[in-house]
Amino acid sequence: MQEQLSNRINNLATSQTLAMAAKARELRAEGKDIIGLSLGEPDFNTPDFIKEAAIQAINDNYNSYTPVDGYVELKDAIIKKFKRDNDLTYDRSQIVVSTGAKQSLANVAMVLLNPGDEVILPCPYWVSYAEIVKLAEGVPVEVPTSVETDFKMTPEQLEAAITPKTKMIWYSSPCNPSGMVYSKEELRGLADVLKKYPDIVIVSDEIYEHINFVGGHASMAQFEDMYDRVVTVNGVSKAFAMTGWRIGYIGAPAWIARATNKMQGQITSGANCIAQRAVITALEAPVSEISYMVDTFKSRRKLIIDLLNGIEGFVTTEPEGAFYVFPNVSHFFGKTIKGHKIENATDFSMFLLEEALVATVTGDAFGNPDCIRISYAASESQIEEAMKRIKSVLAEA
């Protein structure tokens, strides 16, 4: 009964990261030895001190509905975290806790966008940005960047993309998928453009904040002339290895926070009670508690960059944060390799899955058709074997 489905769902693209993961699972079920480098998920266990807090919450009988916008104690922990790590001052009326940062983003889109409103997305962008915008009846406006410009949007590009219909700009730093980090000076350059357009809301996705190899994480909301227009999105999935716990949050102007609270109250209500209690402990802990994961990612980054640089045809920048590389693979377009005609990044990514048995994600999903995303949230032995396989199958190119 496909014809009875709504236009909304029929026009919604499937998440390419989840689709590739599903395809990899199918091949594993057939007995194939697939190395998965497609999902954005740390390969660490949640730290024990956080798990112990969850167990304590269960024993303390936290089992009731939570406040829609989060426990007061969690909101206070988020407020302290924003001040400690970002020099941002928020109060409780500006914090909303959601079921993952993805819901935080969806809430913001749903409460701010009217049909036809435009949202500027520097490319590459996280796979769900454009689809969330379209689901809220907005129009994604892609601003292309390239490996040559470190995948960063310039002030001139931002200015050129703004129209009378521009409602928001969304970006992530550190960026998923490129791993690039906007410096405070680069953000100031963008802010100087946005000063001329006071009605544009900025959504700053900082979920990879602590997985930063260059130091000095900067937030757009740190600028006094931008603070009242910025929604700072964060969560615990990446830095704390808590992807399945599903807790994200925003710090935002109070009028936006109130609206997202209202929206969430009709969709999911409050986030999971046990997870919220555990996140209080996570956020109150010193950042040094998770530094071992960041150090490991940094070591893996060097390994995978060194190995990719040894594969002819890959053009790669050194990511400054997160746990991805985003090489340009257009060198292979138009070639036939092992019987596979490679016309684009999607073809190339599928070729690597079927022939090298390595799962990656096409750059098309992130608004950049010349690249693929490779996650190095995997062991060094897996990374080494994956790059060995890729180099081997490309030897025939």
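# Close-up views of a predicted model

**View 1. The second largest pocket and the residues around its centre.** In this predicted model, 19 residues line the second largest pocket, and those nearest its centre are Leu-12, Ala-13, Ser-128, Glu-131 and Ile-132. The space in this pocket comes to about 350 Å³. At least two lining residues are supplied by each of helix 5, helix 6 (129-135) and strand 4 (139-143). Helix 6 gives the most, with five residues. Sorted by class, the lining of the second largest pocket holds eleven nonpolar, four polar and four charged residues.

**View 2. The largest pocket.** The volume of the largest pocket is about 500 Å³. Its lining consists of 22 residues, and closest to the centre are Gly-40, Lys-102, Trp-126, Lys-238 and Arg-246. Helix 2 (16-29) and helix 5 (101-112) each bring at least two residues to the lining of this pocket. Helix 5 gives the most, with three. The classes in the lining of the largest pocket are nine nonpolar, seven polar and six charged residues.

**View 3. The largest cavity.** Two cavities of 30 Å³ or more are counted in the model. The largest cavity holds about 90 Å³ of space. It is lined by 13 residues, and Pro-122, Pro-124, Ser-172, Cys-175 and Tyr-182 lie nearest its centre. Strand 5 (residues 166-172) gives the most to this lining, with three residues. Ten residues of the lining of the largest cavity are nonpolar, two are polar and one is charged.

**View 4. The second largest cavity.** A volume of about 70 Å³ is found for the second largest cavity. Of its 14 lining residues, Lys-81, Glu-209, His-210, Gly-235 and Phe-240 are the closest to the centre. Helix 4 (72-86) and strand 7 are the elements that give two or more residues to this lining. The largest share, three residues, comes from helix 4. By class, six residues of the lining of the second largest cavity are nonpolar, three are polar and five are charged.

**View 5. Strand 8 and the strands paired with it.** Strand 8 (residues 248-251) points Gly-248 and Ile-250 one way and Tyr-249 and Gly-251 the other way, and all of these residues are buried. Strand 2 (residues 95-98) runs antiparallel to strand 8 and is joined to it by four bridges. Strand 7 (residues 230-235) is also antiparallel to strand 8, again with four bridges.

View 6. Two bridges join strand 9 to strand 14 (residues 372-375) in the antiparallel sense, and Tyr-324 has Ser-375 in strand 14 as its bridge partner.

View 7. The largest nonpolar core comprises 130 residues, and Trp-170, Met-220, Phe-314 and Leu-394 have the most contacts inside it. Helix 10 (residues 273-284) gives the most to this core, with eight residues. Leaving aside residues up to four places away in sequence, Met-220 touches Tyr-171, Leu-187, Leu-190, Ala-191, Leu-194, Ile-202, Glu-206, Met-226 and Val-230. A second, separate core has six residues, including Leu-27, Ile-34, Leu-353 and Ala-359.

Definitions and conventions
Residues numbered from 1 in each chain as written. Predicted model: local features only at pLDDT ≥ 70, side-chain atom pairs only at ≥ 80, totals over all residues. Heavy atoms only, no water. Buried < 20%, exposed > 50% of the residue type's maximum accessible area, 1.4 Å probe, protein only. Pairing = 2+ DSSP bridges. 1 Å grid on protein atoms, 1.4 Å probe; cavity = no way out; pocket = protein on both sides within 12 Å on 5 of 7 lines; lining within 4 Å. Points joined across faces, edges and corners; volume = space filled by probe spheres on them. Nonpolar A, V, L, I, M, F, W, Y, C, P; charged D, E, K, R; others polar. Core = buried A, V, L, I, M, F, W, Y, C linked by side-chain atoms within 4.5 Å. Contact = heavy atoms within 4.5 Å.
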